[in-house]
Amino acid sequence: MSTNKRNWKPQTALVHSGTLRSGFGETSEAIYLTQGYVYETAQAAEARFKGEEPGFIYSRYANPTVDMFEKRMCALEGAEDARATASGMAAVTAALLCSAKGGDHIVAARALFGSCRWVVETLAPRYGIEATLVDGTDIANWEKAVKPNTKLFFLESPTNPTLEVVDIAAVASLANSIGARLIVDNVFATPLQQKPLQLGAHIVVYSATKHIDGQGRCLGGVILSDKKWIDENLHDYFRHTGPSLSPFNAWTLLKGLETLPLRVRQQTESAGRIADFLAERPEIARVIYPGRADHPQADIVKKQMSGGSTLICLDVKGGKQAAFALQNALDIVLISNNLGDAKSLITHPATTTHKNLSDEARAELGIGAGTLRLSVGLEDTDDLLEDIAQALKAK
Ligand SMILES: *Cc1c(COP(=O)(O)O)cnc(C)c1O
């Protein structure tokens, strides 16, 4: 039996939506670790392949545990339909390739997760899909980049690692005015703090690896949109190219969804306190946090986000040496390029996630030698503040 009531608030939907309970009446969602499905008769197999009878055929197409995860994500996002993927990059790549064809043009914000930038800048042109990258914080730049064959807009907000914020409603409205679509990579805001579909975006993608798992265990991704677009553009691509999510990982992510609101609320509260603390410290040149009034796009944050995010970008005075020393002096906060984890993680983008960009491209994005990105975890906030304070002193 499927339970999916549209009027549930997020915390209820994230515990109950999409549940497919078997005849055994299990409380927790079952893991259907199966590749295939059997049919009572040859006639039943024929009917299922013809689409005359509902049911599963093969786990590359669909699987009950993956189905539960997709339905629960739809309930959270307010989307008609979804497809879960093996990683966030599988979701981004599928969404892009299924939205454009050879001869089309994409406009994307240049502040993108490294692999997303590679797909747009390097992979897509191999198939005749040209892209223009713009500073996404000014809508005039998007307008200027539009060509007669522009079919797609793509953005992240807040961006990685400098937490720039793009006006999603303005880009969506521009997309609608020229008959193009907008894909939003909503990882940094989480599905709780920003609702791109309500702001006018057509497609939302997540790396479920981040806050949705939230405990650093498995990779996963999801694409959400209207049913018509998924049926017409994504359905066959999915069946035949196989980016499908493993049922075991889908189960892990379902369990992650149950606690997502509690975790994101706690991590955001801590991040806010840590950002305020860092902003007052003489060792820090700059703090960028969407929840602070001094954020460069604070007016847009107010319009489209309901929380300040769990990430902080900071510039340490003294460049690379000082940034490395700070990282090395931290006890609780771990050095890792991942984010959205229960464990607080810090990374130096210039030498890790963004090392492949030219110096010029890094400068454009505001990534300096002293820039660090902090993903705030679930540890006690006072312990985190104490750890950061001792590391600033020690460095
Ligand atoms: C991590 C991330 C991705 C890629 O997700 P994977 O699950 O690592 O493949 C894409 N976009 C953003 C913004 C991310 O943070």
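Reader: Which residues of β8 lie on one side, which on the other, and are they buried or exposed?

Author: Quick ground rules: this is a predicted model, where local features need pLDDT of at least 70, side-chain atom pairs count only at pLDDT 80 or more, and totals for chains, interfaces and linings use all residues. Numbering runs from 1 along each chain as its sequence is written, and side-chain values use heavy atoms, with hydrogens and water left out. Strands (E, at least two residues) and helices (H or I, at least four) are DSSP runs numbered from the N terminus, and buried means under 20% relative accessible area, exposed over 50%, partly exposed in between (1.4 Å probe, protein chains only). In β8, I203, V205 and S207 sit on one side, V204 and Y206 on the other, and all are buried.

Reader: Which residue in β9 does Y206 stand opposite?

Author: Strands pair if DSSP finds at least two bridges between them. Y206 faces V222.

Reader: And in which sense do β7 and β8 pair?

Author: β7 covers residues 181–185, and there are 3 bridges. I183 stands opposite I203 there. The sense is parallel.

Reader: Over to Q193: which side chain does it join in a polar contact?

Author: Q193 belongs to helix α8 (residues 190–193) and is buried, at 8% relative accessible area. A polar contact is a pair of N or O atoms within 3.5 Å; within protein, one must be able to donate a hydrogen and the other to accept it, and residues adjacent in sequence count only if both atoms are side-chain atoms. At 2.9 Å, the partner of Q193 is T268.
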